[in-house]
Amino acid sequence: MSVNKLTFVTGNPNKLIETQYILSQGIPIEIDSADLDIPELQGTTREIAIAKCRRASELLGRACITEDTALCYKALNGLPGPYIKHFMKNLGHEGLNKLLVGFETKEAYALCTFAYSAGPGSEPLLFEGRTDGAIVPPRGPPLFGWDAVFQPGGFDKTYAEMSKEEKNIISHRYRALDKLKAYLAALSTAQT
Ligand SMILES: O=c1[nH]c(=O)c2ncn([C@@H]3O[C@H](COP(=O)(O)OP(=O)(O)OP(=O)(O)O)[C@@H](O)[C@H]3O)c2[nH]1
Ligand SMILES: [Mg+2]
């Protein structure tokens with residue numbers, strides 16, 4: 001199978017833009033997208049990622065990638081984790097901060113899990129990337145999810161205050177895609 005073209009099954013336009021940008025910096029691959037309605041199970045980030053990618057490739061009928069992002073608070077033993085989408089939607093930036101009132105540590109990490117399936121029936125492979133940081137009062141344009149309340153460790157800017165060039169070389173998504181990129185490059189080499 002050639003990997004110069006791959007479908008990213010996602011309904012999230014910001015994920016797609018970042019993924020296309022990051023991958024275009026590394027390997028010659030064209031990423032298109034399909035927005036399929038795939039139930040996301042409860043469980044660990046790995047269980048959720050595997051089930052979603054398996055179903056996505058079955059529905060699509062060919063190879064694909066999927067991605068799951070979790071935002072894990074140290075004080076809450078990793079929650080909201082993979083359920084961050086619902087927390088963000090219902091609580092907003094203010095609520096994401098309020099969850100930590102009374103806790104000393106505001107530390108959190110963003111975890112990205114890309115899954116690749118070579119096609120229906122093929123067990124998905126996982127590529128994880130993690131960026132450590134802290135939850136802070138919102139700063140920067142509220143254009144993408146919780147970017148405005150996540151400040152990566154060692155930086156004085158939130159994700160939202162960073163340029164795309166800055167975010168996309170330190171982000172959880174970049175770190176996961178770096179591993180996926182290496183896998184896809186090796187796959188292409190093995191097939192030529
Ligand atoms: O500020 C942000 N910076 C990021 O870098 C980032 N990556 C993901 N997210 C948000 O975290 C939730 C994950 O849920 P999620 O993985 O199920 O995504 P999704 O349902 O939007 O898309 P998909 O499942 O169709 O791919 C969703 O609310 C995403 O908008 C981010 N927010
Ligand atoms: Mg989703």
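View 1. Pro-124 counts as buried because 22 other C-beta atoms lie within 10 Å; a residue is buried at 20 or more other C-beta atoms within 10 Å of its own, exposed at 12 or fewer and partly exposed in between, with C-beta atoms placed from the backbone. The model is predicted: local features need pLDDT of at least 70, side-chain atom pairs count only at pLDDT 80 or more, and totals for chains, interfaces and linings use all residues. Residues are numbered from 1 along each chain as its sequence is written, while chains are lettered from A and ligands numbered from 1 in the order in which they are written. The loop between strand 5 and strand 6 holds Pro-124; helices (H or I, at least four residues) and strands (E, at least two) are DSSP runs numbered from the N terminus. Apart from neighbours within four places in sequence, the contacts of Pro-124 are Ile-50, Cys-53, Arg-54, Ala-115, Tyr-116 and Ser-117, where contact requires C-beta atoms, placed from the backbone, to lie within 7 Å. Pro-13 is 111 residues from Pro-124 along the chain, and their C-alpha atoms are separated by 23 Å.

**View 2. Helix 2, residues 45-60.** The 16 residues of helix 2 should span 22 Å at 1.5 Å a residue, and the end C-alpha atoms are 22 Å apart, in agreement; the expected span is 1.5 Å times one less than the number of residues. Buried positions in helix 2 are Ile-48, Ala-49, Ile-50, Lys-52, Cys-53, Arg-55, Ala-56 and Ser-57. Their cover includes strand 1 (5-9), strand 3 (64-73), strand 5 (107-117) and strand 6 (125-135). Just after the helix, Gly-61 adopts a positive phi of about 80°.

**View 3. The annotated positions Glu-40 and Asp-68.** An unreviewed UniProt entry gives the feature "binding site" at Glu-40 and Asp-68. They span 29 residues in sequence, but no two of their C-alpha atoms are more than 9.5 Å apart, so they gather at one spot. UniProt positions follow the numbering used here, feature names are shortened, and annotations may be inferred rather than shown by experiment. Glu-40 sits in the loop between strand 2 (30-34) and helix 2 and is partly exposed, with 15 C-beta neighbours inside 10 Å. Asp-68 belongs to strand 3 and is buried, with 26 C-beta neighbours inside 10 Å. Not counting residues up to four places away in sequence, Glu-40 touches Ile-48 and Lys-52. With neighbours within four places left aside, Asp-68 contacts Thr-45, Ile-48, Ala-49, Lys-52, Pro-82 and Thr-113.

**View 4. The shell around ligand 1.** Ligand 1 is surrounded by 18 residues, the closest being Thr-10, Asn-12, Thr-69, Gly-145 and Asp-147; a residue is near a molecule if its C-beta atom, placed from the backbone, lies within 6 Å of it. Strand 3 and helix 3 (84-98) each contribute at least two residues to this shell. By class, the shell has five nonpolar, six polar and seven charged residues; Ala, Val, Leu, Ile, Met, Phe, Trp, Tyr, Cys and Pro count as nonpolar, Asp, Glu, Lys and Arg as charged, and the others, Gly among them, as polar. The predictor assigns the complex an ipTM of 0.98 and a pTM of 0.96.

**View 5. Pro-152 in strand 7.** Pro-152 lies in strand 7 (residues 150-152) and is buried, with 21 other C-beta atoms within 10 Å. Beyond four places in sequence, Pro-152 touches Thr-131, Gly-133, Tyr-159 and Ile-170. Ile-170 is 18 residues from Pro-152 in sequence and 8.4 Å from it, C-alpha to C-alpha.

How values were computed. Two residues are in contact if their C-beta atoms, placed from the backbone, lie within 7 Å.
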